[in-house]
Amino acid sequence: MAAAALAIAAVALGAQTEVGKQRLQRALAEFAATTSTDTAAKAEQRAAAAQVEIERLAGELRALVAGQDRLAARIATLEQSLADITGSIAREAAAARAAGAAAPAPPPQPPPPLPAPAAP
């Protein structure tokens, strides 16, 4: 803490002379320029990194949408196949019912003969 107070006192005393004022102004100007340059460079780096990340995410999104489209097409194909299968089963059942109604029922089979009783 004493070192900080001593540094502030040295700056205050140095600023009392004309040469000290000029040195202090140059140092502050250089510090401000360096800080603003560093800040601008960091902002540009962050913007570039953000752009790269945006492009990466956009690519992943395109891949996901393409996958979703492929899955939707495959599901539609499966649904159509299922509809074809169930439709053909219904047509076969209707044809069987129609054929059963058109043909007379076969006569009932006589029961098999009973075996003869055994002699005692």
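**A walk along helix H2**

Start by selecting Glu53 and Arg56: both sit in helix H2 (residues 18–102), 3 residues apart, or about one turn of the helix. Helices here are DSSP runs of H or I with at least four residues, strands are runs of E with at least two, and both are numbered from the N terminus. You are looking at a predicted model, where local features need pLDDT of at least 70 and side-chain atom pairs count only at pLDDT 80 or more, while totals for chains, interfaces and linings use all residues. Residues are numbered from 1 along each chain as its sequence is written, and side-chain values use heavy atoms, with hydrogens and water left out.

Now show the side chains. Glu53 and Arg56 meet in a salt bridge, 2.5 Å from N to O (a side-chain nitrogen of Lys or Arg within 4 Å of a carboxyl oxygen of Asp or Glu).

Glu60 and Arg56 are 4 residues apart in helix H2, about one helical turn, and their salt bridge has its closest N and O atoms 2.4 Å apart. Keep Glu53, Arg56 and Glu60 selected together, and you have a network of salt bridges. The count for the model is 2 salt bridges.

Finally, zoom out to the protein chain, with its 2 helices and 0 strands. Of its 120 residues, 2% count as buried.

Conventions:
Buried < 20%, exposed > 50% of the residue type's maximum accessible area, 1.4 Å probe, protein only.
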